[in-house]
Amino acid sequence: MSLAETKNRIDWIDMAKGYGMLAVIIAHIVYSGPLHAWIYTFHMPLFFFLSGYVFSNKDKFDLFIKKKAKALLIPYFTLGIPMVAFKVLYSLYQKTFTIDSTIELVKNFVFQKRLWTLWYIACLFFLNIIFYLVTKIAKKNISKAVIVIAMAFIGLVYYKSGGLPLPWNIDACFMAIPFFFGGFVLKENSNKIDNLLSQTKNKILLFLAFGLINVVFGYLNIKTTGKGLEMFDSEYANPLFTYISAFAGIFAVIIFSRFFTIKPIRYI
């Protein structure tokens, strides 16, 4: 299926999301070691990138907000409320329940400051809104790129100065927006990418090249700083190595997703 086709589901996007989901599960099972470190170089950036690819600003702002609320806030509360309830019931079972801890839990859920895996949904909701405003302010991609780089720089300075997670993880949006913008740009150049990847030889060479870049810069990141990419904990190690490794990993997954379609992967 063509990269440019957006009316129907796009196989390679569903495949990439499937691989990304498996990567998240594996990374949380294998909670240390080289495999864990490698997966973390690209797995969350991949989802932000793919979200940028399917982003559209054609609707008016109020309708855009309504659609994103339906797509993201409803799942957030639908998943979160049972999780909070389970946590409270479990504390009762363990006889560790207190009013103060329950209030703190509910507050963290309502204001969402890196609470569980739900942090991603909250971050993505505001990232869509922020990027919508960016596209309305800046018409050309070069202007958008300047704003995106500036936001990432501000986010980095904020973290380096000891900044704590902001409500609804808005701080994480500043570091994730380059990935979102990357997906947006890829979509606008989808025909060129289609032509480039139409030959199997090109796909193989590019997959190997991006895979190698991902591994090398991911390794250098950990070797030189002792840390890798961990968006939940606001760790970005060497930002240059982090972004190079992440984008290379994203491109490698996307190319790999275009080799063939595996129905179980696409289904999940």
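The entries below go from spaces to side chains.

**Ground rules.** I am working with a predicted model, so I noted that local features need pLDDT of at least 70 and side-chain atom pairs count only at pLDDT 80 or more, while totals for chains, interfaces and linings use all residues. Residues are numbered from 1 along each chain as its sequence is written, and side-chain values use heavy atoms, with hydrogens and water left out.

**Entry 1, the cavity.** I worked on a 1 Å grid over the protein atoms alone: a cavity is a set of points where a 1.4 Å probe fits but cannot get out, a pocket is an open set with protein on both sides within 12 Å along at least five of seven lines, and lining residues have an atom within 4 Å of a point. Grid points are joined across faces, edges and corners, and a volume is the space filled by probe spheres set on the points. I found one cavity of 30 Å³ or more. The largest cavity has about 70 Å³ of space, and its lining includes Tyr40, Asn221, Phe241 and Ser245. Helices are DSSP runs (H or I, at least four residues), numbered from the N terminus. Two of them, α10 (200-225) and α11 (239-257), each give at least two residues to this lining. I sorted the lining by class: Ala, Val, Leu, Ile, Met, Phe, Trp, Tyr, Cys and Pro are nonpolar, Asp, Glu, Lys and Arg are charged, and the others, Gly among them, are polar. The cavity came out with five nonpolar, six polar and no charged residues.

Of its 37 lining residues, Met44, Phe47, Thr117, Tyr120 and Ile121 lie nearest the centre. Elements that supply two or more lining residues include α1 (11-29), α4 (61-93) and α6 (119-137). By class I have 24 nonpolar, six polar and seven charged residues.

I counted 17 lining residues, with Tyr19, Ala23, Trp38, Phe42 and Val253 closest to the centre. The helix α1 gives the most to this lining, five residues.

I found glutamine 112 in the loop between α5 (99-111) and α6. Is glutamine 112 buried or exposed? Its relative accessibility is 0%, so it counts as buried (buried is under 20% relative accessible area, exposed over 50%, partly exposed in between, with a 1.4 Å probe and protein chains only). Its side chain makes a polar contact of 3.0 Å with that of tyrosine 76 (a pair of N or O atoms within 3.5 Å; within protein, one must be able to donate a hydrogen and the other to accept it, and residues adjacent in sequence count only if both atoms are side-chain atoms).

I searched the whole structure and got 40 aromatic pairs (rings of Phe, Tyr and Trp, its six-membered ring, with centres within 6.5 Å; planes under 30 degrees apart are stacked, over 60 edge-to-face and the rest tilted). Phenylalanine 55 and phenylalanine 64 are edge-to-face, because their planes stand at 70°, with the centres 5.8 Å apart. Phenylalanine 55 is buried at 3% relative accessibility, and phenylalanine 64 is buried with a relative accessible area of 3%. Tryptophan 119 and tyrosine 120 also form an edge-to-face pair, 6.4 Å centre to centre with 85° between the planes, and both are buried. Last, I noted one aromatic cluster, with Phe55, Phe64, Tyr132 and Phe184 among its members.
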